[in-house]
2 protein chains.
Amino acid sequence: MRPSDLPEIRHLPLFRDMLQANFEQLMQGAYAQSFPEGLMLIRQGDPADFLHIVVEGMVELFAEWKGRSASMTVVQPVGTFILAACIRDAPYLMSARTLERSRIIMIPASDLRAVFRRDVEFAVSTINELATCYRAVVRHAKGLKLRDSRERVAAYLLKRAAQAGQAEFDLGIEKRVIASMLGMTPENLSRALKSLAEDGVRVQGQRVTLWDRARLLPVAQPDPLLDGPG
Amino acid sequence: MRPSDLPEIRHLPLFRDMLQANFEQLMQGAYAQSFPEGLMLIRQGDPADFLHIVVEGMVELFAEWKGRSASMTVVQPVGTFILAACIRDAPYLMSARTLERSRIIMIPASDLRAVFRRDVEFAVSTINELATCYRAVVRHAKGLKLRDSRERVAAYLLKRAAQAGQAEFDLGIEKRVIASMLGMTPENLSRALKSLAEDGVRVQGQRVTLWDRARLLPVAQPDPLLDGPG
DNA sequence: ACATTTGATTGATATTTATCAATTCAAAGC
DNA sequence: GCTTTGAATTGATAAATATCAATCAAATGT
């Protein structure tokens, strides 16, 4: 593991408040590895042995059933994934693969479980992290049930623009992955984006410009209870 | 609060392992109340002040947006709801209403947050509870994305039969609520049930009989990663 | 027991979304 | 620079799902 990784990880909400000694112990048992693009990190159904942290690159979490596949989310640096499975000592519910060359830190699940029994602050951080993740999935499920695909696309674009802090931004993710995350086919996303042209959306390849936010807002009707805070 | 409530609550995974003194303190600050059918207990967006426990009756959690409404889940005795919002001290993501006359215990969120800082066992239980809830929603979202409505209905029926321990059981919930939970219209559910007749499903009002499980299985292809353990 | 209300079902239709096939486009490798 | 590959788009069609309206059934209250 690189020395520069430690402060970044330490700065995460999950590890921010724990005792230094315990943090060091967790990091002692952890190891880092680089993976090429398109590599399967985790296969759903496998036993959850490690908490994963993306320090570089990008990881797609997706689910499979009966030959079908659906993206659930994309994890970007610096972010953790599959905490819940580690805690429950249960099989992973989602598979994970790198979307680009990525560096991943892996912390043995048993270490985690041991440490939050000793360190209240870490326990509280874990509670907060899980509650946050839970709420994120609930919002996602709400979006799937309450909005149609065009509305989901509009909301997604507004969210990304807000994150970028600009009306113009790069998607940074393949459209077919975005489509799957939003619960639709690539063809449907393509058409949805085209039809949103009349609502102030301009798309050229990966580049998106929301040149008339006022027009797009009523389509998406963004709501913190669906799209998250901020 | 009735004296008979305490042992039931104490027996929940969330409260099972904590110190007796802390449990008593939580219960001291809690209060119980009975509500008639159809009453709004919680409105989404309101600040989360209380963890709710259903000791009698049935509560529907649902979400609203732009005049549309979608059921997320139904909570039955003895079960808790909206733990995550309490922990995050954030607005409720879901509304809640009674489906029948219900007795609810309410524990101030601030008490919860205070206690798990003092009681490691309660902290660990909270972590486990949240991880379990998180995984349940992930499975739900997976079902919405990977299965079509007919498959979701089939899987739901098989799950209910497994819970009942019998091939014949009562739904116990209005079909329109079930439909909304499964992400479909009542009409669509009605037709799906009808079409499942040829796959070993017999429905008469609230009564369901799966008289040919072997025929239904390939439709639903139940999977613990989608339908939960057990 | 009857009337009233509400939910469930059914049929007809519209809309949304997926699928399949063909083409265009863009990036990566040689 | 050219070729190759995979992604994105587009068009045509099919399938799934929603909507609307009418009827039927069941539960509730009087």
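Predicted model: local features only at pLDDT ≥ 70, side-chain atom pairs only at ≥ 80, totals over all residues.
An α-helix has 3.6 residues a turn, so residues three or four places apart point the same way.

With a relative accessibility of 5%, Glu151(A) counts as buried. Its contacts, leaving aside neighbours within four places in sequence, are Leu146(A), Val219(A) and Ala220(A) in chain A and Trp65(B), Lys66(B) and Arg68(B) in chain B. With Arg68(B) there is a polar contact between the two side chains, at 2.9 Å. Lys66(B), another of the residues touched by Glu151(A), sits in the loop between β3 and β4 of chain B. Its phi is near 55°, a positive value in a residue other than glycine, and its relative accessible area of 39% makes Lys66(B) partly exposed.

The contact between the chains takes 58 residues from chain A and 58 residues from chain B. About 5,000 Å² is buried between them, 70% of it on carbon and sulfur atoms. On the side of chain A, Trp65(A), Leu93(A) and Lys145(A) lose the most area to chain B, together 17% of what that side buries. Six salt bridges are found across the interface of chain A and chain B. Glu121(A) forms a salt bridge with Arg117(B), with the closest N and O atoms 2.9 Å apart. The largest share, 22 residues, comes from α6(A).

Over all chains the count comes to 28 salt bridges. In chain A, Glu60(A) forms a salt bridge with Arg97(A), with the closest N and O atoms 3.0 Å apart. Glu60(A) lies in strand β3 and Arg97(A) in strand β6 (residues 95–108) of chain A, so the pair ties together parts that are 37 residues apart in sequence. Glu60(A) is buried, with a relative accessible area of 3%, whereas Arg97(A) counts as partly exposed at 25%. Arg207(A) forms a salt bridge with Glu168(A), the closest N and O atoms lying 3.2 Å apart. Because Arg207(A) belongs to strand β9 and Glu168(A) to strand β7 (residues 168–170) of chain A, this pair ties together parts that are 39 residues apart in sequence. Arg207(A) is partly exposed at 32%, and Glu168(A) is partly exposed at 37%.

In chain B, Glu168(B) forms a salt bridge with Arg207(B), again with 3.2 Å between the closest N and O atoms. Here strand β7 (residues 168–170) and strand β9 (residues 207–210) of chain B are linked, the two residues being 39 apart. Glu168(B) counts as partly exposed at 36% relative accessibility, and Arg207(B) is partly exposed at 34%. Salt bridges that share partners join Arg2(A), Asp5(A), Glu56(A) and Arg103(A) into one network.

Arg160(B), in helix α7 (residues 149–164) of chain B, is buried yet has no salt bridge. The nearest side chain of opposite charge, Asp170(B), is 8.2 Å away. A polar contact of 2.9 Å joins the side chain of Arg160(B) to that of Tyr156(B), and the backbone oxygen of Leu171(B) is reached at 2.8 Å.

Some backbone values remain to be described. The peptide bond joining Pro77(A) and Val78(A) is cis, with omega about -15°; in chain B, the bond from Pro77(B) to Val78(B) is cis, with omega near -15°. Val78(A) is found in the loop between β4 and β5 (79–81) of chain A. Ile82(A), in the loop between β5 and α4 of chain A, has a positive phi near 55° and counts as buried at 11% relative accessibility.

Methods: Residues numbered from 1 in each chain as written. Chains lettered and ligands numbered in written order. Heavy atoms only, no water. Helix = DSSP H or I, 4+ residues; strand = E, 2+ residues; numbered from the N terminus. Buried < 20%, exposed > 50% of the residue type's maximum accessible area, 1.4 Å probe, protein only. Lys, Arg positive; Asp, Glu negative; His and termini not counted. Salt bridge = Lys/Arg side-chain N within 4 Å of Asp/Glu carboxyl O. Polar contact = N/O pair within 3.5 Å; in protein donor to acceptor, adjacent residues only side chain to side chain. Contact = heavy atoms within 4.5 Å. Buried area = accessible area lost by both parts, 1.4 Å probe.
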